[in-house]
Amino acid sequence: MGSRLDTKSDIQIKRKTSGANMSGEVLTGQCLCGAITCTATGDPVSTVNCHCSDCRRATGAVFSTVLYFQKERVQIIGVYSGFDHASDRGTNVSRMFCPTCGSQMFARASGWPDLIGIRAGCIKQTERIIPQRNVFVCSKIESTALDPVLPRIDGMP
Ligand SMILES: [Zn+2]
Ligand SMILES: [Zn+2]
C-alpha cells in the first residue's frame, strides 16, 4: 500500500496498525533456552493449526500451529537436532528441535521442499500468528474447539 504521503509520521501510524500489510517485516523466534534463534522476512505463505497425531506427539500439545515460509526467507542461527519420519501420506517429515531444551522449532516436508515451517510457540511477534485453516481435522481430539470461520481440511492441502 504505497502512499505519496509517506512521511515519517505516516510510517509510524502504519506500524501501529497490525495485521493488514506486514510485508517486509521481520519476525523473530527462539527456543526456550535461547540457543537457537530464527528470523523470517515478510508474511508467511500459510499458517495452519495442525491436528495430526504426529504433531501432537512431537510437540506435547493437542494441536500445533505452524507458520510456513519460503525457505530462503528464513534464517536459523544455532545448531538444531532433527528427527525424520514418514507421514501417513508417505512423505518425509523433518522435525527440528533444540538439543539442549527440546523446544520444537521447525518442520519441513518432502512434499513442500521450498517451504519451512516455524512453530508458532517460539515466535515473539504473537500478533502475527494468524491461523488460516485447520488441517488434519480428522485426527483432532474431541475437546479442541475449532474457529467456525476457518476452513477445515481432513489432511494437508
Ligand atoms: Zn533451546
Ligand atoms: Zn501435524
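The entries below go from the overall layout to single residues.

**Entry 1: ground rules.** I am working from a predicted model, where local features need pLDDT of at least 70, side-chain atom pairs count only at pLDDT 80 or more, and totals for chains, interfaces and linings use all residues. Residues are numbered from 1 along each chain as its sequence is written, while chains are lettered from A and ligands numbered from 1 in the order in which they are written.

**Entry 2: overall layout.** I looked up the secondary structure and found 2 helices and 11 strands. Both are DSSP runs numbered from the N terminus: helices are H or I with at least four residues, strands are E with at least two. Along the sequence the pattern reads α-β-β-β-α-β-β-β-β-β-β-β-β.

I then checked burial. Of the 157 residues in the protein, 29% are buried. A residue counts as buried with 20 or more other C-beta atoms within 10 Å of its own, as exposed with 12 or fewer, and as partly exposed in between; the C-beta atoms are placed from the backbone.

Contacts came next. Two residues are in contact if their C-beta atoms, placed from the backbone, lie within 7 Å. Among contacts between residues at least 6 apart in sequence, 52% join residues at least 24 apart.

**Entry 3: the open sheet.** I traced 3 strands in an open sheet, in the order E1-E2-E5, with antiparallel pairing. Strand E1 (26-30) and strand E5 (74-77) are the edge strands, each pairing on one side only. From one strand to the next the twist averages 15°. For such angles, axes are lines fitted to C-alpha atoms (for helices over the stretch in contact), and angles run from 0 to 180 degrees between N-to-C directions.

Strands pair here if DSSP finds at least two bridges between them. E1 and strand E2 (residues 37-41) have 5 bridges, in the antiparallel sense. Gln30 has Thr37 in E2 as its bridge partner.

**Entry 4: the run of hairpins.** I followed the chain from strand E6 (residues 81-86) to strand E7 (residues 92-97); they run antiparallel, joined by 6 bridges. Asp84 stands opposite Ser94 in E7. The E6 and E7 hairpin has 5 residues between its strands, and Gly90 in the turn has a positive phi of about 90°.

E7 also joins strand E8 (residues 104-109), antiparallel, through 5 bridges. Partners I noted in E8 are Ala109 for Val93 and Ala107 for Arg95. This hairpin has 6 residues between E7 and E8, and its turn holds Gly102, with a positive phi of about 85°.

E8 then runs antiparallel to E9, with 2 bridges joining them. Phe106 stands opposite Ile118 in E9. Between E8 and E9 the hairpin leaves 5 residues.

How many residues of E8 are buried? I get 5 of the 6, so E8 is largely enclosed by the rest of the structure.

**Entry 5: the core.** I looked up the largest nonpolar core, which has 29 residues. Such a core is a set of buried Ala, Val, Leu, Ile, Met, Phe, Trp, Tyr and Cys residues joined through C-beta atoms within 7 Å. Cys50, Val66, Leu67, Phe69, Met105 and Ile118 touch the most other members. E2, strand E3 (46-50), strand E4 (64-70), E7, E8 and strand E9 (115-119) each supply at least two residues. The largest share, 4 residues, comes from E4.

Leaving aside neighbours within four places in sequence, Cys50 is in contact with Cys55, Phe63, Ser64, Val66, Val135 and Phe136.

**Entry 6: two residues in one loop.** I went to the loop between strand E10 (133-135) and strand E11 (152-153), where Phe136 lies. Its phi is positive, about 55°, although Phe136 is not a glycine. Is Phe136 buried or exposed? Phe136 counts as buried because it has 24 C-beta neighbours inside 10 Å.

Ser139 is also placed between E10 and E11. Ser139 is partly exposed, because 17 other C-beta atoms lie within 10 Å. Which residues does Ser139 touch, not counting those up to four places away in sequence? I found His51, Cys52 and Ser53. I also checked Asp54: Ser139 and Asp54 are 85 residues apart in sequence and 9.8 Å apart in space, C-alpha to C-alpha.
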